[in-house]
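Happy to walk through this one with you. Take a look at the model below, and then we can go over a few questions together.

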Amino acid sequence: MFPNSSNLGRLPFLRKHQQQSNFFTKLPLNIPPTFLSHQQIIDAQFNFQNAVALLSGNLATIPAGRPQSLTYGNGSPVHLSDAPASFRGRKRLREQSIPEDVKRQRFHSHHCETTVVNQVVPLPEERRYSFPGSIHSPLFHAHYVPDLTSCVPPLQDSLFPRPIETTLPVAKDKLSQQVLALFQACQQQTCDLNRKELCRTELQREIQRIFPQSRLFLVGSSLNGFGTRSSDGDLCLVVKEEPVNQKTEARHILSLVHKLFSTKLSTYIERPQLIRAKVPIVKFRDKVSCVEFDLNVNNVVGIRNTFLLRTYAYIENRVRPLVLVVKKWASFHDINDASRGTLSSYSLVLMVLHYLQTLPDPILPSLQKIYPESFDPTMQLHLVHQAPRTIPRYLSKNGSSLGDLLIGFFKYYATEFDWSHQMISVREAKAIPRPDGIEWRNKFICVEEPFDGTNTARAVHEKQKFDTIKGEFMKSWQILREKKDLNRILPLRTTIQKR
């Protein structure tokens, strides 16, 4: 169920008595990277553009020749298309309507979301993983498909189980078919993840010139199972084993990174911004991959919640389609931007998980209650990736369709959840009374971070924004209750074109 999970988010932290100054250098050797080559990505994007043009009947948009290349600092060629701007990067147009006859979907595709990621940039004489471990992993099979139909394969000598067919939920009614079709069109693809990984490897190479023992990790929606084709990339720069003061030390480190991006790397990094938030970040855009990134320093709780969310994503096959549609809906209605005082994507995911946990027949359990040893917040970080792979698929008695669950989601937050007195807790799998701490006072929305207990919705601090969010839940519930048509609250054709 967790393809390639031996590599994702695996951090080099040992017990105190095992720590050594040369820890970061003790990595398995001679394991070559297996992500797609630059030319494979170029060919895939070039062919995609041709296919879109043919399907839309606009042959004039097909480029006459092979796309041009843009290079990173090391001279590696990466695609920059001659096609019209609307086809560049992650926002490609697709002139196809959503199929209305999507039934039970079974497929075995090379367009799955998995890949080998977070590998160290190959050094001149050797190749290394970013993640130390006691087991040397075999090469990852390029056509691996995540296991959604059976128990998570137990830990074994081969950390990459054989490919297995993926099963999506049954979609019989129109609304469920629309949800499923939108998910299939917009879910993150292998080429999307590979573009982010190519950028990560180049940035790590450069950052290690300043911080030689650092490692750069891809985290968040790119790896947790809820990524879309237009998802930004989240990066965690781990500079040392101990915690970092986010107000002082992290800001200083990020100021150096920002300077690097603004000067030496300005040929392919544009618009770098140092954001002095509670967890400071550097925001930037990679010109080569056309992906927006957020980079933090030592915010390692992101590693833990990446694998917690990834477990929820794959133990029940209705979770990922529902989350994707809610994220797209929130984005369309302008309530999915923490920097503008609304909900972050992370908070939205937790809200969906919480709703699925609180149904009369729950679709999801509290993984932290059932498997406390697998999601122990004090677990050594280099072990975090292993525990979820032993967790079986959750078998719910609830047979609700995707359409009914979407309507129920809007109804729950429009009419049932008590915003004034309750806190959303995925850890407890229920709504719990708000704490009395200062972080929770005068907050309009309280969503508990499952590991560190902070409020992930603290950005919603204006009543006007809160009223807007509540209003969108209410309107969408009322519309879908009467007209079970997703287009009434989310224009599908436009959403698929943006992806």
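This is a predicted model: local features need pLDDT of at least 70, side-chain atom pairs count only at pLDDT 80 or more; totals for chains, interfaces and linings use all residues.

Q: Which residues of α4 are buried?
A: Helix α4 covers residues 249-262. Its buried residues fall within an arc of 110 degrees when seen down the axis, so they line one face of the helix. An α-helix has 3.6 residues a turn, so residues three or four places apart point the same way. The buried residues of α4 are A250, I253, L254, V257, L260 and F261.

Q: What do the buried residues of α4 pack against?
A: These residues line one face of the helix, because they fall within an arc of 110 degrees. Their packing partners are α3 (190-207), β6 (233-238), β7 (269-275), β8 (281-286) and β9 (291-297).

Q: Is Q368 buried or exposed?
A: Q368 sits in helix α8 (residues 367-370). Leaving aside residues up to four places away in sequence, Q368 touches L308, Y312, F375, V426, R427, P450 and F451. Its relative accessibility is 11%, and buried means under 20%, so Q368 counts as buried.

Q: How many Å lie between the backbone oxygen of P450 and a polar atom of the Q368 side chain?
A: P450 is among the residues that Q368 touches. The distance from the backbone oxygen of P450 to a polar atom of the Q368 side chain is 3.0 Å.

Q: What separates the C-alpha atoms of V170 and S401?
A: V170 is in the loop between β4 (166-167) and α2 (174-186), and counts as partly exposed because its relative accessibility is 40%. V170 and S401 are 231 residues apart along the chain, yet their C-alpha atoms are separated by 7.7 Å.

Methods:
Residues are numbered from 1 along each chain as its sequence is written. Side-chain values use heavy atoms; hydrogens and water are left out. Helices (H or I, at least four residues) and strands (E, at least two) are DSSP runs, numbered from the N terminus. Buried means under 20% relative accessible area, exposed over 50%, partly exposed in between (1.4 Å probe, protein chains only). A polar contact is a pair of N or O atoms within 3.5 Å; within protein, one must be able to donate a hydrogen and the other to accept it, and residues adjacent in sequence count only if both atoms are side-chain atoms. Contact means heavy atoms within 4.5 Å. The expected span of a helix is 1.5 Å times one less than its number of residues. The arc is that of the directions from the helix axis to the C-beta atoms.
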